[in-house]
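This report describes a protein chain and its ligand.

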Amino acid sequence: MRLKNKTVLITGATSGIGFVAAQRAIEEGAFVVFTGRNQDQILQTQNQLGTQSLGISCDHSNLASQDNFTQKIQELSIKFDVIYINAGNVTHEAFGQWTTEQFDVIFNTNVKGPFFLIQNLLSMINPHASVILCGSTSIHIALEKSSVYAASKIALRSLAKTLSRELLAHQIRFNLLSPGPTLTPALNKVANTPAETEQLKVSIENLVPIKRLADPIEIANAFIYLASDEAKFIVGSELLIDGGVANL
Ligand SMILES: NC(=O)c1ccc[n+]([C@@H]2O[C@H](COP(=O)([O-])OP(=O)(O)OC[C@H]3O[C@@H](n4cnc5c(N)ncnc54)[C@H](OP(=O)(O)O)[C@@H]3O)[C@@H](O)[C@H]2O)c1
């Protein structure tokens, strides 16, 4: 029960890594507030996670939607001990093909939204809180078509450091959790057809030194560690869970 009596926010927890992280946090004793854009998915997730959770729809690429979310949190007098900025846009495209709209959606979802969400929530974050930002192993390697995605994720590497420094007085620590390739529905968002998804999966497996994708639980377990008091000496750092992609 490493998160007993802790209130946790996980953005984008109706699927993939966020969903498994929410399940694990509840197992560890936390109350979990989670978000996603699709109301049906929120209700379905709420049913799966049970009474130790509260789903609130929010589009983190949209500041007005985030303002509504913050207002609800304030009205409910919720204070967070852990925030996991997990929702992310994973669009990949060849250089030369990018539209300004795609660029803006990635940066709004992965950087601007998280930055202003944390700023909005500042008075609703308890001292000694742990804020975990979702990076990616892509920030360490030069993957085809990942230019904008990797640039957005490395911005979070910087925020983990600068916000840890600026919020020392608030006793809030920020860290980056960087997954390697992980088996989630996000794979389908990068590919265009089921055959392309399968092809992509095989090519990604070959990229990973240990020749497989991560199970989302492997990322969720790292999240639990960073969220818990066991990791309270880890400040402004990055934890890579990537099967050796960046380091070997
Ligand atoms: N899977 C990988 O291989 C991998 C590797 C490295 C890093 N990551 C990172 O890990 C994080 C989670 O990825 P995943 O693979 O678990 O993806 P996923 O299965 O596609 O889940 C993404 C979740 O985020 C929500 N979401 C997306 N955009 C949102 C927005 N604008 N506002 C609110 N919620 C939003 C989705 O719900 P709705 O669509 O209903 O909003 C969903 O609940 C992302 O930040 C991704 O960049 C993934």
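## Terms and basis

A residue is called buried if 20 or more other C-beta atoms lie within 10 Å of its own, exposed if 12 or fewer do, and partly exposed in between, with C-beta atoms placed from the backbone. By this count Q171 is exposed, because 12 other C-beta atoms lie within 10 Å.

The model is predicted: local features need pLDDT of at least 70, and side-chain atom pairs count only at pLDDT 80 or more, while totals for chains, interfaces and linings use all residues. Numbering starts from 1 along each chain, as its sequence is written.

## Overall fold

The protein chain holds eight helices and seven strands. Its radius of gyration is 17 Å, close to the 18 Å that the globule rule gives for 248 residues, so the chain is as compact as a globular protein of that length. Helices (H or I, at least four residues) and strands (E, at least two) are DSSP runs, numbered from the N terminus. The radius is taken over C-alpha atoms, and the globule rule is 2.2 Å times the number of residues to the power 0.38.

The C-alpha trace spans about 45 × 35 × 35 Å along its principal axes. Of the 248 residues, 41% are buried. Two residues are in contact if their C-beta atoms, placed from the backbone, lie within 7 Å. Among contacts between residues at least 6 apart in sequence, 70% join residues at least 24 apart.

## Parallel strands

Two strands pair if DSSP finds at least two bridges between them. Strand β1 (residues 7-10) pairs with β4 in the parallel sense over three bridges, and V8 stands opposite V82 in β4. Strand β4 (residues 80-85) has six of its six residues buried. On to β5 (residues 125-134), β4 pairs in the parallel sense over five bridges; here I85 has L133 as its bridge partner in β5. Together β4, helix α4 (residues 100-121) and β5 form a right-handed β-α-β unit. Right-handed means that, with the strands pointing away from the viewer, the path from the first strand over the helix to the second runs clockwise.

Strand β5 also pairs with β6 in the parallel sense, over five bridges, with I132 opposite N175 in β6. Strand β6 (residues 173-179) has seven of its seven residues buried. Both of its faces are covered: R173, N175, L177 and P179 lie on one side, and F174, L176 and S178 on the other. Strands β6 and β7 (residues 238-241) pair in the parallel sense over four bridges, and S178 stands opposite L240 in β7.

## Shell around the ligand

Which residues are closest to the ligand? They are G12, G16, R37, G88 and A186, out of 32 residues that surround the ligand.

At least two shell residues come from each of α1 (16-27), β2 (31-36) and α6 (186-190). Helix α1 gives the most, with three residues. The shell divides into ten nonpolar, 19 polar and three charged residues. Here Ala, Val, Leu, Ile, Met, Phe, Trp, Tyr, Cys and Pro count as nonpolar, Asp, Glu, Lys and Arg as charged, and the others, Gly among them, as polar.

## Two buried residues

L9 is in strand β1 and counts as buried because it has 26 C-beta neighbours inside 10 Å. Leaving aside neighbours within four places in sequence, L9 is in contact with V33, F80, I83 and Y84. L9 and T99 are 90 residues apart in sequence and 32 Å apart in space, C-alpha to C-alpha.

A222 is in helix α8 (residues 216-227). It is buried because it has 20 C-beta neighbours inside 10 Å. Not counting residues up to four places away in sequence, A222 touches L177, L239 and I241.

N5 lies in the segment before β1. Its phi is near 65 degrees, a positive value in a residue other than glycine. N5 is exposed because 9 other C-beta atoms lie within 10 Å.

Q171 is in the loop between α5 (147-166) and β6. Although not a glycine, Q171 has a positive phi of about 55 degrees.

How values were computed
Near = placed C-beta within 6 Å.
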